[in-house]
Amino acid sequence: MRSPARPPGSALPAIAGALVAGTALAVLFSLAFGSNAIPLRQVLGALFAGVDSDNATVITSQRLPRTLLGLAAGLAIGMAGALMQGHTRNPLADPGLFGVNAGAAFGVACLAFGLGVASPALTVVAALLGAGIAAALVVLFGLRGVSGGSLVRLAIMGTALEALLSALTSALILLDKGTLDVLRFWEVGALSDRDYAAAAWVAPAALAGCVLAVANAFSLNALGLGDDVARSLGTRVRTSRVAGVAAITLLAGSATAICGPIAFLGLVAPHGARALAGHDQRWLVPLAGLIGAIVLLVADTLGRIIARPGELEAGIVMALLGAPVLLAVTRRRRLAAL
Amino acid sequence: MTGFATARAGRGRGVLVGPVGLVMRTRSVVAGVVVVLLLAVLLAVSVLTGDLDIPVGRALAALAGDGTRIENLVVVDHRLSRALAAVLVGFALGCAGALTQTITRNPIASPDIMGVSAGAGLFAVFLVTRPETAKAFGDHPAGQLLAPAAIVGGLLTTALILGLSWRAGFDGMRLILVGLGVNAIALAGVSFLLTRADLENAQAATRWLTGSLAGARMGDVLFLAPLALIGAAVCAILARDLAALRLGRDVAPTLGTPPGRTEAVALLVAVLLTSGAVAVAGPIAFVAFIAPQAALRAFGTAGPPPLAGGLVGALLVLAADLTAARLPTELPVGVPTAVIGAPSLLYLLNQYRRRTSA
C-alpha cells in the first residue's frame with residue numbers, strides 16, 4: 001500500500017484512539033443488549049455504583065463475564081493472527097496453524113468421550129491442555145532445525161499435526177454420539193454459558209501472551225527484512241522467533257479455550273489492521289487485537305439480538321459478517337503485499 | 001515417434017514428446033517407480049483379500065470375467081471398484097493440491113481452505129440434515145442424491161469464487177482470499193445446520209463430511225477416470241508453464257508463459273478434480289495438502305509436483321482405505337488418511353531440510 005502525502009504513521013495515534021473507543025463502545029453494547037435490552041444508565045449503575053436489581057444481577061453474573069471473555073478472546077485472536085502472519089510472512093496464516101485449534105478440539109473431545117457432559121470451566125481446562133500439548137509438540141520438533149529462517153516449516157508441521165489431531169477427533173465423534181453432541185456445539189465458536197471460573201483459568205495465559213506479543217512486535221519489523229538484515233541490525237533472530245511462537249501459542253490457545261475455534265477472525269483482523277495502519281508491526285499487532293475484540297463482541301451481541309429469545313453463535317455471525325467484508329476489501333483495493 | 005527428442009539437461013536426461021517435456025533425474029525416477037510399485041501391491045492386496053474368503057485363483061478368474069455371480073459381485077463390484085475409486089480420488093486430490101500450491105506459491109493454499117469442498121459439503125449436509133428437502137426431488141433415498149448435491153454445491157461455489165475474484169484477470173492472492181471468505185461462510189453454514197439438526201442426522205452428516213469410500217461403485221470409477229485423465233494431461237502439458245510461474249508472475253512472461261491464463265487453467269482443473277473427488281468420497285481433508293508436500297520431498301522437485309503429488313495422493317488414500325476397511329469398527333477413510341499421511345509428512349520434513357515449500 002502506498003502511503004498518502006502526509007508522513008507515514010502520523011495518523012496512527014488517531015486510528016489507535018478510535019479503535020480503543022470502538023472497543024469500549026463494543027463492551028457497552030455487549031453489556032446492554034441481549035435477550036432483553038437494558039438502558040445504559042442501569043448498566044453503568046450496576047457496574048460502578050453497585051446498584052442492586054434484577055437487571056444488575058443479569059449484568060454482573062451473566063453479561064459481564066461473557067463480555068470480558070469475549071474481549072480477551074478477540075484481543076488474543078487478533079494479536080495472534082498478526083504475529084503469525086508477520087513471523088511466517090504468509091498472509092494466509094491463521095493462529096490455528098501450530099495445531100492449537102485442533103489440539104483444543106481433541107482435548108474437548110477426549111473430555112466428552114471420557115466424562116460425557118462437563119462444566120464450562122472443565123471444558124476450558126481440557127481445551128487449554130490440548131492446545132498446549134499440540135503446540136509444544138510442533139515447537140519441539142519444528143524448532144530443532146530453525147537457526148533462523150521464517151516459520152513456514154513450523155506452519156507446515158502444524159498443519160500436518162492438525163490433520164492428525166482432527167482425524168483422531170473425528171474418530172471419537174464417529175464412535176460416540178454423545179461426543180458428537182458436545183463437539184458440534186463447541187466447534188461452532190460461541191461465548192454462551194461462560195462463567196468467572198472459566199475466565200480465571202484462561203486469564204494468566206492470555207495476559208502473558210499479550211505482554212509477550214507486544215514486546216515481540218518490536219523485533220518483527222526487522223525480521224520482516226529477512227533474517228540476515230535483521231541480524232545485522234542487532235536483532236537476536238532465534239530469541240525473537242521463539243518468543244513469537246510462545247506468544248502465538250499462549251494467545252491462540254487461550255482464545256480457543258474460551259470460545260472454540262474462531263480461526264477466521266485471526267486471519268482477517270490483521271488484514272484489516274494492515275489496511276488501516278500500514279506495515280509497522282509495533283502498531284499492527286495491538287491494532288489487530290483491538291479489531292479482533294470489536295468484531296468478536298459485536299458478532300456475539302448481534303447473535304443475541306437477531307435470534308431472540310435464543311441466540312445465533314458468534315462464530316456463525318462472524319462468518320456471515322466478516323466474509324462479505326473480506327470479499328469487498330479484496331475486490332476494492334490492490335492487495336497489500338506482505 | 002515424431003516430435004521425440006532427448007537431451008542432456010543439468011544432472012538429468014531430458015525427454016520431449018510433443019508438447020510434453022520431462023527431465024529424468026535419478027531421484028524422481030526412483031521415487032516414481034517405488035510409488036507405482038507400492039500402488040500395484042496395495043491394489044493387488046485390496047482386490048485379492050477381504051472379509052469374504054475367496055481363493056486367489058478364483059479372484060483372478062473373476063477379474064478375467066469368468067467367476068460366479070457372487071465372485072464377480074465381491075471382487076469386481078466391491079473390491080476392485082472401491083480400490084480404483086480410492087486411487088482416482090487420491091490422485092485427483094493430490095494433483096489439485098499441487099496445482100493450487102504452485103499457482104499461489106503458498107504451501108498451505110490447498111483446495112480445502114478455498115471453499116470448494118466446503119461448498120460441496122454445505123449442500124450435501126443440507127440434504128442430510130433436512131430430509132424433507134430430499135423428498136422434493138422425487139422418491140429417492142437421500143443417499144442417492146448426495147453426489148449430485150455435492151457436485152452442484154461444488155460448481156456453484158466455484159462459480160461464485162471465480163465470479164467474485166475476476167477483476168480484469170485473475171490474481172492468485174485475490175482468488176485465495178475470496179476463496180477463504182466463501183469457505184468461512186460455507187463452514188458456518190455447515191456448523192449451523194449441524195447444531196440445529198437431529199442428532200441422528202448430524203451423525204450421518206459427520207460421517208459423510210469425514211469422507212468415505214465404502215459406497216464406491218464402478219459408476220463412480222467411470223465418472224472419475226476421464227476427469228483424472230484430463231487432469232493428468234493438462235498437468236503434463238502445463239508442466240513447463242507451471243515451472244516458469246514458480247519463478248514469479250513477473251519472470252514468467254519473459255519465459256513465454258502468460259501468468260493469468262496458466263493460473264486460470266490450472267485452477268479450473270484443480271477445482272474440477274476436487275469437486276469430482278468430493279462427489280464420490282466426500283471431502284477427505286488434508287490429502288490435497290499432505291500429498292504434494294510429501295511428493296515434493298520424496299521426488300526432490302523444485303516445487304509441489306502435480307503428477308507426482310497425484311500419485312502420492314493415490315497411494316495415501318488407497319493405503320488409508322485398506323486400513324479403514326480392515327479395522328474392527330469401520331471408520332470412514334478420512335480418519336486413517338490423516339493418521340497415516342501426517343506422520344509420513346512429518347518424517348519427510350525431518351529428513352529433508354529444504355528452503356522452499358511452494
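This is a predicted model: local features need pLDDT of at least 70, side-chain atom pairs count only at pLDDT 80 or more; totals for chains, interfaces and linings use all residues.

In it, 49 residues of chain A are in contact with 54 residues of chain B, and the two chains bury about 4,300 Å² between them.

**Where the chains meet**

- Carbon and sulfur atoms account for 74% of the area buried between chain A and chain B.
- A:Leu92, A:Leu174 and A:Arg331 supply 17% of what chain A buries against chain B, more than any other three residues.
- Two salt bridges are counted between chain A and chain B, along with five residue pairs in polar contact.
- On the chain A side, the elements giving two or more residues are α6 (152-175), α7 (177-186), α11 (263-277) and α13 (314-332).
- The largest share of that side, 17 residues, comes from α6(A).
- By class, the chain A side has 31 nonpolar, seven polar and 11 charged residues.

- A:Lys177 pairs up with B:Glu200 in a salt bridge, at 2.5 Å from N to O.
- B:Arg196 forms a salt bridge with A:Glu313, with the closest N and O atoms 3.0 Å apart.
- This pair runs from helix α7 (residues 172-196) of chain B to the loop between α12 and α13 of chain A.
- B:Arg196 is partly exposed at 35% relative accessible area, whereas A:Glu313 counts as buried at 12%.

**Salt bridges within a chain**

- Over all chains, the count comes to 12 salt bridges.
- A:Glu311 and A:Arg66 form a salt bridge with their closest N and O atoms 2.7 Å apart, and the two residues are 245 residues apart in the chain.
- A:Arg66 is buried at 9% relative accessible area, while A:Glu311 is partly exposed at 28%.
- In chain B, B:Arg82 and B:Asp321 form a salt bridge at 2.8 Å, linking helix α3 (residues 69-104) to helix α12 (residues 306-326).
- B:Arg82 is buried at 15%, and B:Asp321 is buried at 5%.
- Shared partners join A:Arg66, A:Asp300, A:Arg304 and A:Glu311 into one network.

**The nonpolar core**

- The largest nonpolar core has 180 residues, and those touching the most other members include A:Phe98, B:Val89 and B:Leu213.
- α6(A) gives this core its largest share, 14 residues.
- Beyond its sequence neighbours within four places, B:Val89 is in contact with residues including B:Leu213, B:Leu224 and B:Ile284.

**One backbone angle to check out**

- B:Phe286 has a positive phi, near 75°, though it isn't glycine.
- B:Phe286 sits in the loop between α10 (259-281) and α11 (287-299) of chain B, and is buried at 15% relative accessible area.

Notes
Residues are numbered from 1 along each chain as its sequence is written. Chains are lettered from A and ligands numbered from 1 in the order in which they are written. Side-chain values use heavy atoms; hydrogens and water are left out. Contact means heavy atoms within 4.5 Å. Buried area is the accessible area (1.4 Å probe) that two parts lose on being put together, summed over both. A salt bridge is a side-chain nitrogen of Lys or Arg within 4 Å of a carboxyl oxygen of Asp or Glu. A polar contact is a pair of N or O atoms within 3.5 Å; within protein, one must be able to donate a hydrogen and the other to accept it, and residues adjacent in sequence count only if both atoms are side-chain atoms. Helices (H or I, at least four residues) and strands (E, at least two) are DSSP runs, numbered from the N terminus. Ala, Val, Leu, Ile, Met, Phe, Trp, Tyr, Cys and Pro count as nonpolar, Asp, Glu, Lys and Arg as charged, and the others, Gly among them, as polar. A nonpolar core is a set of buried Ala, Val, Leu, Ile, Met, Phe, Trp, Tyr and Cys residues joined through side-chain atoms within 4.5 Å. Buried means under 20% relative accessible area, exposed over 50%, partly exposed in between (1.4 Å probe, protein chains only).
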